[in-house]
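Take a look at the protein shown here. This report starts with the whole chain and then turns to single residues.

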Amino acid sequence: MKTSAFVVAATLALGAAIPAMAADYPRRPITIVVPSSPAGSTDIVARLLGEQMTKGLGQPVIVENRPGASGNIGTEYVARAPADGYTLLLQYSGYHVGNPALFRDIRWKPADFAPVALVMRAPHVVAVSGKLPVNSLAELIAYARKDNRGLFFASSGNGSIQHIAGETFARAANVPVTHVPYKGAGPVVADLISGQVDMFITTPPSVINQVRAGKLKALAYAGPERNPSMPEVPTTAQAGLPGYEVESWFALFAPARTPQPVIDQLAAELRRIVASDGYRKQMEEQGAFAAFMGPDELGRFVDQELAAWARIIRESNITTQ
């Protein structure tokens, strides 16, 4: 009887501690882990969010890059972190809903995370080296078919969304391709500029500054309509490849079992940021779109995406090899 009373008392005390902990959250700096290299889309979004969250939450928000293993190193790190709201994951769709279908031996699963908020959506752009002698999607396809030369297309890793985008582009355009995997978008862009690889189908934030500087060429936008930040770039349908569309989304996650009041506070702060004119303008300048989903809606969306990506990967025979 004494033991039961002790257990009940301890349980009640723990239940009271969770709201108390959430009530004065945050009490110290927060770390947003980016499971990819600096200068990529995820890193750019994380730093924009971190700057605004620091102002809104009153504590420093630090961005920490933990790249490697197609995002699995950083993702697993957050999955194993304390569920207290001080270690968060800024994740992009390819890693979060693609990797579970691609890797049999990953040591994390989507259920290891509590959804907080979706913060950005970004249809991809077909970008090529400025040294490539093409200026349109039709010219790129003709160039790839000439003498069966093909295209060397880059991605941020085997099985990444850029890998899937390149392989599905090859099928849609009926051109031969060779996949060249990298460990993040930053190294890809450097080699794309130098002409070591031909094509990179990726989110605009990774390449838009280099396109504006004339170092890369944006041949087509893989969304349903033109991007206001790149009005001169036609959609893939307008460029002669109808039906070919690719989109990434970016969202913040916390370790599973993070107290709901903490999740709600973070989601409210992100809703405020995403709705702000400044954030929307920054996203548009990067060639992307500010978008928001709260925890419940994001959770349902992730479940739908997991099923869709598993089907695409299976039907396209995409592997990590």
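What radius of gyration would a compact globule with 321 residues have, and what does the protein have? A compact globule would come near 20 Å. The protein has 21 Å, which agrees. Keep in mind that this is a predicted model.

## The whole chain

Along the principal axes, the C-alpha atoms fill a box of roughly 85 × 40 × 30 Å. The secondary structure comes to 11 helices and 11 strands. Of the 321 residues, 54% count as buried.

Residues 24 or more positions apart account for 77% of them.

The accessible surface comes to about 14,100 Å². Carbon and sulfur atoms hold 53% of that surface. As for charge, the protein has 29 positive and 27 negative side chains. The centres of the two sets lie 3 Å apart.

## A covered helix

Helix α4 runs over residues 93-102. How many of its 10 residues are buried? Eight are, and the helix is mostly covered. The buried residues include S93, G94, Y95 and H96. V97, G98, N99 and L102 are also among them.

What do these buried residues pack against? Their partners include the helices α3 (72-79), α6 (161-173) and α11 (295-316). The strands β3 (87-92), β4 (113-123) and β10 (247-255) are partners too.

T202 lies in strand β8, which covers residues 199-202. Is T202 buried or exposed? Its relative accessibility is 0%, so T202 counts as buried. Leave aside the neighbours within four places in sequence. T202 is then in contact with H124, V125, Q162 and V207. With the side chain of Q162, the side chain of T202 makes a polar contact at 3.4 Å.

S156 sits in the loop between β6 (151-155) and α6. Its relative accessible area is 8%, under the 20% cut-off for buried. S156 therefore counts as buried. The side chain of S156 makes a polar contact with the side chain of Q162, at 2.8 Å. Again, leave aside the neighbours within four places in sequence. The contacts of S156 then include Y95, Q162 and Y182. K183, G184, A185 and F200 are also in contact with S156. Recall that Y95 is one of the buried residues of α4.

| Pair | Separation in sequence | Distance in space |
|---|---|---|
| T202 and I141 | 61 residues | 18 Å |

## Backbone exceptions

Most residues other than glycine have a negative phi, and most peptide bonds are trans. Where does this chain depart from that pattern?

A cis peptide bond joins Y25 and P26, with omega at about -5°. P26 is found in the loop between α1 (2-23) and β1 (30-34). R27 belongs to the loop between α1 and β1 as well. At 44% relative accessibility, R27 counts as partly exposed.

A69 is not a glycine, yet its phi is positive, at about 55°. A69 has its place in the loop between β2 (61-65) and α3. Its relative accessibility is 46%, so A69 counts as partly exposed.

N148 also has a positive phi, near 60°, and is a residue other than glycine. Which loop holds N148? N148 is found between α5 (137-145) and β6. Is N148 buried or exposed? At 57% relative accessibility, N148 counts as exposed. The cut-off for exposed is over 50%, so the value of N148 passes it.

## Putting it together

Start again from the chain as a whole: 54% of its residues are buried. Helix α4 is mostly covered, and T202 is buried at 0% relative accessibility. Q162 makes side-chain polar contacts with T202 and with S156.

Terms used: Residues are numbered from 1 along each chain as its sequence is written. This is a predicted model: local features need pLDDT of at least 70, side-chain atom pairs count only at pLDDT 80 or more; totals for chains, interfaces and linings use all residues. Side-chain values use heavy atoms; hydrogens and water are left out. Helices (H or I, at least four residues) and strands (E, at least two) are DSSP runs, numbered from the N terminus. The radius of gyration is taken over C-alpha atoms; the globule rule is 2.2 Å times the number of residues to the power 0.38. Buried means under 20% relative accessible area, exposed over 50%, partly exposed in between (1.4 Å probe, protein chains only). Contact means heavy atoms within 4.5 Å. Accessible areas come from the Shrake-Rupley method with a 1.4 Å probe; for residues, only the protein chains shown count as cover. Lys and Arg count as positive and Asp and Glu as negative; His and the chain ends are not counted. The place of a charge is taken as NZ of Lys, CZ of Arg, CG of Asp or CD of Glu. A polar contact is a pair of N or O atoms within 3.5 Å; within protein, one must be able to donate a hydrogen and the other to accept it, and residues adjacent in sequence count only if both atoms are side-chain atoms.
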